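Here is a friendly tour of one protein model and its two ligands. Please keep the viewer open while you read.

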Amino acid sequence: MFDVDNKLSTEILKIAHELGADLAGFVAIKSLKDSPSHKMYSKVPVYTLSENMNPKDDQTTQGKVVWPKKAETILIIAIKHPEDTPSLDYWCNPYSGGTEGNAQLIRTNHKILAWLEENKGIKGEDLSYFVEDGGICLKDAAVLAGLGVIGKNNMFVSPQFGPRVRLRAMALPVKLHSTGPTGFDPCASCEMYCRKACPQGAFDEKVFSSNDYGHEELPAREGVYARATCKIEMKKNTDEAELVPIDGKDESMRVMVCCRACEFACPVGNKN
Ligand code: SF4
Ligand code: SF4
């Protein structure tokens, strides 16, 4: 087991940026286990998306987080996903291999993992995007690593890029100091452009309550976000998807773009 090493932390964050991460930070697994989403994960409905991204997602199950063995620290990375780069969200239909944005994150993680093993003898583990497949709640990890906050659009919001980022994590068998959280909270004084922009009214009512769950901190900030309502729009997007060949892929591969209105309406970081 390795001990806390500030020099190592600095080196890893530097290499993460050099290898493609726009944001990067650490959170100790111990504190991540106490974060709101992980504490409540077994209590709230889980929407299963991982098999093929098709609507098995109307089913809900009770979930359990499977924490990576021997892991001490999570390295969380983000890449920016600006409005003028919709191709990062394209995926093949039928779904296979994830979006280009996710592929970019996986490539960056694999490069960091290779660097760690080659240069430091540290064997980390790339974590699935899906908690039900061995992943973690990425937004909580990003907040505790000091990369941003959970916004009133139920998304992770960073100072640099607002909610227009995509996240991925890896587990490391080394103790490294957490790089957050910070007090960043642009939503406290905002007119909530995100909630007003939703075409389906997914933020119109509070769907979780502290009484039901016994926690002050609720999923979706203040318990206001109806995933099932959001999914009505996603289903509409899927049905109306434009079929476009993806560069470098087989002609039969097609793309789909989903609603991001609550992202684009957010003024935070929209110059980047
Ligand atoms: S639009 Fe305002 S309330 Fe919504 S996420 Fe952005 S800063 Fe927060
Ligand atoms: S993604 Fe679209 S439908 Fe879903 S909550 Fe955001 S604005 Fe509403």
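The report below goes from the ligand shells to aromatic pairs and then to some backbone details.

## About the model

This is a predicted model, in which local features need pLDDT of at least 70, side-chain atom pairs count only at pLDDT 80 or more, and totals for chains, interfaces and linings use all residues. Residues are numbered from 1 along each chain as its sequence is written, chains are lettered from A and ligands numbered from 1 in the order in which they are written, and side-chain values use heavy atoms, with hydrogens and water left out.

## The shell around ligand 1

Let us begin with ligand 1. Its surroundings consist of Lys152, Asn153, Cys187, Cys190, Met192, Tyr193, Cys194, Cys266, Pro267 and Val268. To be counted here, a residue needs a heavy atom within 4 Å of the molecule. By class, this shell has eight nonpolar residues, one polar and one charged. In this scheme Ala, Val, Leu, Ile, Met, Phe, Trp, Tyr, Cys and Pro are nonpolar, Asp, Glu, Lys and Arg are charged, and the others, Gly among them, are polar.

Which cavity does ligand 1 take up? The space that ligand 1 takes is the largest cavity. A cavity is a set of points, on a 1 Å grid over the protein atoms alone, where a 1.4 Å probe fits but cannot get out. A molecule sits in one if more than half of its atoms lie within 2 Å of its grid points.

## The shell around ligand 2

Around ligand 2 you will find Cys198, Pro199, Ala202, Phe203, Tyr225, Cys230, Glu233, Met234, Cys259, Ala261 and Cys262. Two or more residues of this shell come from each of α8 (227-239) and α9 (261-264). Helices (H or I, at least four residues) and strands (E, at least two) are DSSP runs, numbered from the N terminus. With three residues, α8 gives the most to the shell. The classes here are 10 nonpolar, no polar and one charged.

Arg260 lies in the loop between α8 and α9. At 6% relative accessibility, Arg260 is buried, a word used for values under 20%, with exposed for those over 50% and partly exposed in between (1.4 Å probe, protein chains only).

## Two aromatic pairs

How many aromatic pairs does the structure hold? There are two aromatic pairs. Tyr129 and Phe130 make an edge-to-face pair, because their ring centres are 5.2 Å apart and their planes stand at 85°. Rings of Phe, Tyr and Trp (its six-membered ring) pair if their centres lie within 6.5 Å; planes under 30 degrees apart are stacked, those over 60 edge-to-face and the rest tilted. Tyr129 is partly exposed at 44% relative accessibility, whereas Phe130 is buried at 14%.

Phe203 and Tyr225 form a tilted pair, at 5.6 Å centre to centre and 35° between the planes. Phe203 belongs to the loop between α6 (193-197) and α7 (210-213) and Tyr225 to the loop between α7 and α8, so this pair ties together parts that are 22 residues apart in sequence. Phe203 is buried, at 7% relative accessible area, and Tyr225 is buried too, at 13%.

## Backbone details

Lys70 has a positive phi near 65°; Lys70 sits in the loop between β3 (60-61) and β4 (73-80) and is exposed, with a relative accessible area of 70%. Asn154 has a positive phi of about 65°; Asn154 lies in the loop between β6 (149-150) and β7 and is buried at 12%. A cis peptide bond, with omega near 0°, runs from Gly180 to Pro181, and Pro181 is in the loop between β8 and α6.

Ser158 is found in the loop between β7 (156-157) and β8 (165-172). Ser158 is buried, with a relative accessible area of 0%, and a polar atom of the Ser158 side chain lies 3.1 Å from the backbone nitrogen of Phe161. Finally, Gly146, in the loop between α5 (138-144) and β6, is partly exposed at 21%. The C-alpha atoms of Gly146 and Gly183 are separated by 8.7 Å, although these residues are 37 apart along the chain.

Conventions: 1 Å grid on protein atoms, 1.4 Å probe; cavity = no way out; pocket = protein on both sides within 12 Å on 5 of 7 lines; lining within 4 Å. Polar contact = N/O pair within 3.5 Å; in protein donor to acceptor, adjacent residues only side chain to side chain.
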